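Biologist: I would like to learn how to read a model like this one. Could you take me through it feature by feature?

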Amino acid sequence: MTEPLLVDRTDAVVTLTLNRPSAMNSLNVALKEALRDTLAELEADRSCRAVVLAGAGGSFCAGQDLREHVTTLESGAGKPLDTVHAHYNPIAARLASLPKPVVAAVRGMAAGAGASLAFLADIRIGGPSTSFLMAFAKVGLAADTGASWTLPRLVGHAKAVELLMLAEPVRADEACRLGLINRMVDDDEGVLPAAQELAARLAAGPTVAYGAIKRQLSVADAGTLADALAAEAQAQAICGGTADHRAATMAFVNKQRPVFEGR
């Protein structure tokens with residue numbers, strides 16, 4: 001049986017590949033459970049210092065597997081959108097709070113919950129075929145997997161309303177202009193290598209500080225200046241006590257290149 005999620009480790013970078021290429025990597029229960037549980041394991045894995053999220057084949061992720069969903073609807077068993085509580089919410093919360101950088105290699109289409117997954121990454125790399133489609137309204141649904149939180153922060157409230165309600169595709173150039181993609185490469189084949197190269201660079205950096213930056217930005221996005229200042233003070237107290245901070249400060253004073261160990 002083919003594994004729905006491939007896990008590849010190269011030094012301190014873990015690449016998670018959604019592995020259902022014949023179904024555009026759509027999210028069935030097996031894939032959602034594998035992604036949810038693997039992310040939980042990586043959060044506590046100190047040997048993992050950066051994560052790459054990718055899709056097998058020519059697509060990133062087409063969102064919910066609607067064929068499987070139709071079966072659930074027709075069965076009449078339980079609530080058809082229980083998957084939001086069981087899968088999508090835990091995945092979104094874990095990706096957003098993961099205390100290490102997450103880079104999404106968005107090759108081809110990212111639709112519905114697939115786009116939501118990409119938006120939860122810290123940095124997104126795209127190529128000529130990259131496109132996003134907030135497809136939820138096309139099947140009579142509202143946003144999930146954190147898109148109602150991430151999308152306005154990326155493109156602003158008004159544009160988020162437009163993308164979610166009109167459900168029109170956003171091609172690569174426009175996605176880059178809007179900030180849905182951070183960096184573009186010239187060739188689709190280069191999307192994953194570029195994402196892995198960037199993740200390796202981040203993995204060699206001050207990963208404790210990166211985790212603290214993610215937490216303080218999350219607080220600042222939703223809070224007041226006082227909240228942000230408190231989060232900054234807490235973050236600096238944590239980072240200031242790390243071996244990385246002490247070693248990097250000494251390296252700077254001695255005009256040496258710092259070596260970060262993530263502790």
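Modeller: Gladly! What covers the buried residues of α10? Helices α9 (207-222) and α11 (243-253) are among the elements that do; helices here are DSSP runs of H or I with at least four residues, strands are E runs of at least two, and both are numbered from the N terminus. Contact means heavy atoms within 4.5 Å. This is a predicted model, in which local features need pLDDT of at least 70, side-chain atom pairs count only at pLDDT 80 or more, and totals for chains, interfaces and linings use all residues. Residues are numbered from 1 along each chain as its sequence is written, and side-chain values use heavy atoms, with hydrogens and water left out.

Biologist: Which residues of α10 are buried, and which are exposed on the other side?

Modeller: Buried means under 20% relative accessible area, exposed over 50%, and partly exposed in between (1.4 Å probe, protein chains only). In α10, A228, A231, A235 and C239 are buried. They lie on the same side of α10, because their arc around the axis is only 65 degrees, taken from the directions from the helix axis to the C-beta atoms. A226, A233, Q234, Q236 and A237 are exposed on the other side of α10.

Biologist: Which strands does β3 pair with?

Modeller: Two strands pair if DSSP finds at least two bridges between them. Strand β2 (residues 13-18) runs parallel to β3, joined by six bridges, and T15 has V52 as its bridge partner. Strand β4 (residues 102-106) is also parallel to β3, over four bridges, where V52 is partnered by V103.

Biologist: Are the residues of β3 buried or exposed?

Modeller: Six of the six residues of β3 are buried. A50, V52 and A54 point one way, while V51, L53 and G55 point the other way.

Biologist: Which residues touch the most other members of the largest nonpolar core?

Modeller: In soluble globular proteins, nonpolar side chains tend to be buried together. A nonpolar core is a set of buried Ala, Val, Leu, Ile, Met, Phe, Trp, Tyr and Cys residues joined through side-chain atoms within 4.5 Å. The largest has 44 residues, of which L16, L35, L117, F132 and L180 touch the most other members. Helix α4 (residues 113-120) gives the most to this core, with six residues. Beyond its neighbours within four places in sequence, L35 is in contact with L5, L16, L18, L53, I91 and L117.

Biologist: Is D65 buried or exposed?

Modeller: D65 counts as buried, because its relative accessibility is 9%. D65 sits in the loop between β3 (50-55) and α2 (66-75).
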